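Here is a friendly set of questions and answers to work through with the structure open.

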Amino acid sequence: MSILLTSSVSVTEAAAEQMAANPTKPSGQPAKMKKDESLLGKLGGTLVRKKKLKEVSDLQEEGKNAINAPLLLAGPELLHEDTLLEENAERTILDPTSKEDLNFKDLQKVLIDWINSELEEDRIIVKDLEEDLYDGQVLQKLFEKLSGHKLNVAEVTQSEIGQKQKLQTVLEAVNGVLRPLEWNTEWSVDSIHSKNLVPIVYLLLALAIYYAAPIRLPEHVSVKVIVVKKKEGILQTTHLTKQLTSTTTEMMIGRSERDAFDTLLDHAPDKLNVVKTSLITFVNKHLNKLNLEVTELESQFADGVYLVLLMGLLENYFVPLYNFYLTPESFEQKVHNVSFAFELMQDGGLQKPKARPEDVVNLNLKSTLRVLYNLFTNYKNSE
C-alpha cells in the first residue's frame, strides 16, 4: 500500500511539473486564454491609436479656434454666416458696448419719433429701427413722403428676393438725390436687409439732414464697430469708431432746402426789418380782435400762446383754454403750446412747419419767421 501511494503521489507531482513546463498540452484551455489576451492587446493598441488621432484632431481644432478667438469677443452679434464669408469680404458689427450708449439711444429715439410723425397718416408705427426697416417697406413710404415721388415697387413683399428688390429701388432713388452732393453712402441692400443698425442710422440721418427734418439731432454721437473680414481663409477683426453726428451747424450744411429766409439772412440782412414789419402787421390785424398786440416776433411768440390764439382767429373757432397753458411757466409747457399750435395748423390743411417747437421756444428768429410766413402765405387775404 505504501508503495502504491508513493507512486500515485509521484505521478501527480510529475503531471504538475509537466503542466508547468508545457501548459498548452493537457487541456488547451490556457492556450485559449493566451490567444484572447493577444486579441485584447491588439484591440487595446487600436483604441490607443484612435485616441491619439482624436487628440491630434482636437489640438488642430483648438488651434483653429485660437486663430479666430478674437471673434468670440465680438459679442452676440457674431453670426454663423461670418464664417462663410467669401475671401476679402467683410461685415460690420455694432460693438455691444455702444448699444447701451445713452447718446446713441437718444439718437435712435429722435429718428423713430420723426419717422412716426412723418408716417402718421399711413398709420405706420416704428418701434425698432432694425426690425421695422430692414425689409424696405417703411423706407419706401418715408422716402415717398419726403420726396413727394411715388416709387414703382410692390406694396407688400414677403420673400427675401422681393424685399431686396424693393430696397434696391429705394436706395437707388436715395442715392440719386444725394449723389450731386457727393454724400458718402454708408449703406447697402445687404447691410440693411441683414438688420445692421449702423448703416440704417446713417441712411436715416442722410434723409433727415437732406430734407431738413424739423428735429434736433444729438450732437457728437459716435459708436464703436467691429469689422469682420476674411483674408487668406482666416477671419480677422478690426475695432473702429464711427462718427454719426457732428455739430448742428455742420450737419445743417448738408441740407438742400434753403428757403427765402436763408437767403434773406445770409445775403440781405438789411431787408430783414421790412419782412418783420410785414409779418407784425399781419398778425396784429388778427390779434387786435382780442386786444393783443405784437412788437417783437421772436420773443412774443416763444411761449406759443399767441400762436394758438392766432390759429383760432384765422380759422374762426374758439380754442378751449384747457387745451393749452394760458400762462406757461416751464420750458415744457411752452413747447406743449407751440406743438399744439402746429397741430392746429395741420388740421387747417397747412403743411407741418419746418421748424421744431423747441427752436421757437428758444427764440430762434429764423424758425419763428418760417412759421409766421407760412401763416401769412395761406391767410394773408383773411379778414
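Q: How far apart are N and O in the salt bridge of Glu-131 and Lys-195?
A: This is a predicted model, in which local features need pLDDT of at least 70, side-chain atom pairs count only at pLDDT 80 or more, and totals for chains, interfaces and linings use all residues. Residues are numbered from 1 along each chain as its sequence is written, and side-chain values use heavy atoms, with hydrogens and water left out. A salt bridge here needs a side-chain nitrogen of Lys or Arg within 4 Å of a carboxyl oxygen of Asp or Glu. Glu-131 and Lys-195 meet that rule with an N to O distance of 3.0 Å.

Q: How many residues apart are Glu-131 and Lys-195?
A: Glu-131 sits in helix H5 (residues 129-133), while Lys-195 lies in the loop between helix H8 (189-193) and helix H9 (197-210). Helices (H or I, at least four residues) and strands (E, at least two) are DSSP runs, numbered from the N terminus. The pair links distant parts of the chain, and its separation is 64 residues.

Q: Is Glu-144 buried or exposed?
A: Glu-144 pairs with Lys-150 in a salt bridge of 3.8 Å, N to O. Buried means under 20% relative accessible area, exposed over 50%, and partly exposed in between (1.4 Å probe, protein chains only). Lys-150, at 60%, counts as exposed. Glu-144 has a relative accessible area of 11%, so this residue is buried.

Q: Which residue forms a salt bridge with Asp-359?
A: The closest N and O atoms of this salt bridge are 2.7 Å apart, and the partner of Asp-359 is Arg-216. Asp-359 belongs to helix H16 (residues 357-361), and its partner, 143 residues away, to the loop between H9 and strand S2 (222-231). Asp-359 is buried at 12%, whereas at 41% a partly exposed label goes to Arg-216.

Q: How many salt bridges does the rule count?
A: Among them are the pair of Glu-131 and Lys-195 and the pair of Asp-359 and Arg-216. By the rule, the count of salt bridges is nine.

Q: What percentage of the residues of the protein count as buried?
A: The protein has 17 helices and three strands. Of its 383 residues, the buried share is 38%.
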